[in-house]
Amino acid sequence: MSKIHFLNVLEGDCNIIEHDSGRISVIDVSNAYNDYDTAEEIKVRNSQIRKDMYLRTQVPNDKKDYKQKKVPDNPIQYLKKFNINSIFRFIITHPDMDHLDGIKDFYEEFSIQNIWDTCNTKEISNKVNSGGYNMDDWKFYKKIRDTKYESPKRLTYYSTDVNDYYNQDHIQILSPTPDLIKHCNDKENWNDSSYVLLYTPPKPGGGNWKILFAGDSEDKTWDYILKTFEREVSNIDILFAPHHGRDSGRNYDFLKTLKPRVTLFGNASSKHLAYDSYPAIRITNNQAGYIIMDIKDKIYFYVKNYEFARDFRSNRNWSDPVLTKSLDAYFIFKIS
């Protein structure tokens, strides 16, 4: 059966799907670096703005801080730990640097067969350390986007597009549309250009799980999705919260339809997470470290951080967590 890995990558995003087919999908990358550091990479990683990322705690005031922000995951090392060397599809949800951080090293370390990218027109400053990220990564991404990079194959898909391979891997593209891309290019704000993906692996007894990867999607995206795919996105099993779960003054009415059973938050760079806007159960990377979902007859949840796992289970009068060595993570609960 399939597995999803939700990595703790500072203030960005990175998800890994091990599909039933044996193919690997990686959605976004951040905090990725290999064993060789260029002078530019060293300069960026030693910059104060980068160091500050490790110190900004993204946990609600009434929640315990398990300090996982200080020990982020490196997707390159993480994938190699599980002996993953070939990636069938690499999906860039949208062109913000916290979703592209380390892309150059990432490409150097793995065989990547396909890339999904949007037809955006974003440009950013050539200033060194722009936003605490390496400008060489941006230049590398631009080479891919502007089709000057011959391999892997760059693919641009929109909502309702159909492809045998991603149908076999149970991926449905809900957004963006050409109109949303045009809107974002005109406004020079690319959050609503994000790929929003519904992942529906089958249940052994019939039916499908509903797992929603929301990118950094904002209100215009959700207006379109609820109008077009209301049935598909109702009663979601797992929601990867849009925009890392940050509180950005958005409309949360979409949650009345989604009603997620479990919501996962990344590490937003905003001061507060919109924690209470989402229904329970809610788990953040900064509490749990990386989170692994093993999709079988049920969905089994595992986390990196023992202390969080212990408290999560203790609060429910369950026994202490046990390390699952094959996943290097602690089991905390399951959903049926």
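Are Tyr157 and Tyr166 buried or exposed? In this predicted model, Tyr157 is buried, as is Tyr166.

**Aromatic pairs**

Across the whole structure, a search returns 27 aromatic pairs. One of them joins Phe88 and Tyr165 in a tilted arrangement, with 5.3 Å centre to centre and 55 degrees between the planes. Phe88 belongs to strand E4 (residues 86-91) and Tyr165 to helix H6 (residues 164-168), so this pair ties together parts that are 77 residues apart in sequence. The two partners can also be described by their accessibility. Phe88 has a relative accessibility of 13% and therefore counts as buried, because the limit for that class is under 20%. Tyr165, at 46%, counts as partly exposed.

The rings of Tyr157 and Tyr166 make an edge-to-face pair, because their planes stand at 75 degrees and the class covers angles over 60 degrees. Their centres are 5.2 Å apart. The geometry of both pairs is set out here.

| Pair | Centre to centre | Angle between planes | Class |
|---|---|---|---|
| Phe88 and Tyr165 | 5.3 Å | 55 degrees | tilted |
| Tyr157 and Tyr166 | 5.2 Å | 75 degrees | edge-to-face |

Elsewhere, one aromatic cluster is formed by Trp222, Tyr252, Phe254, Phe265, Tyr275 and Tyr278.

**Charges over rings**

Phe88 takes part in a further arrangement: the charged end of Arg23 sits over the Phe88 ring, 5.4 Å from its centre. In another case, Arg316 places its charged end over the ring of Phe312, at 3.7 Å from the ring centre.

**Thr177**

Where does Thr177 lie? Thr177 is found in the loop between strand E7 (171-175) and helix H7 (178-187). With a relative accessible area of 12%, Thr177 is buried. A polar atom of the Thr177 side chain lies 3.0 Å from the backbone nitrogen of Leu180. When neighbours within four places in sequence are left aside, the residues in contact with Thr177 are Tyr158, Ser159 and Tyr224.

**Lys187**

Helix H7 also contains Lys187. Is Lys187 buried or exposed? Its relative accessibility is 58%, so Lys187 counts as exposed, the threshold for that class being over 50%. Lys187 and Asp105 are 82 residues apart along the chain, and their C-alpha atoms are separated by 31 Å.

Notes. Residues are numbered from 1 along each chain as its sequence is written. This is a predicted model: local features need pLDDT of at least 70, side-chain atom pairs count only at pLDDT 80 or more; totals for chains, interfaces and linings use all residues. Side-chain values use heavy atoms; hydrogens and water are left out. Helices (H or I, at least four residues) and strands (E, at least two) are DSSP runs, numbered from the N terminus. Buried means under 20% relative accessible area, exposed over 50%, partly exposed in between (1.4 Å probe, protein chains only). A polar contact is a pair of N or O atoms within 3.5 Å; within protein, one must be able to donate a hydrogen and the other to accept it, and residues adjacent in sequence count only if both atoms are side-chain atoms. Contact means heavy atoms within 4.5 Å. Rings of Phe, Tyr and Trp (its six-membered ring) pair if their centres lie within 6.5 Å; planes under 30 degrees apart count as stacked, over 60 as edge-to-face and the rest as tilted. A charge sits over a ring if NZ of Lys or CZ of Arg is within 6 Å of the ring centre and within 35 degrees of the ring normal.
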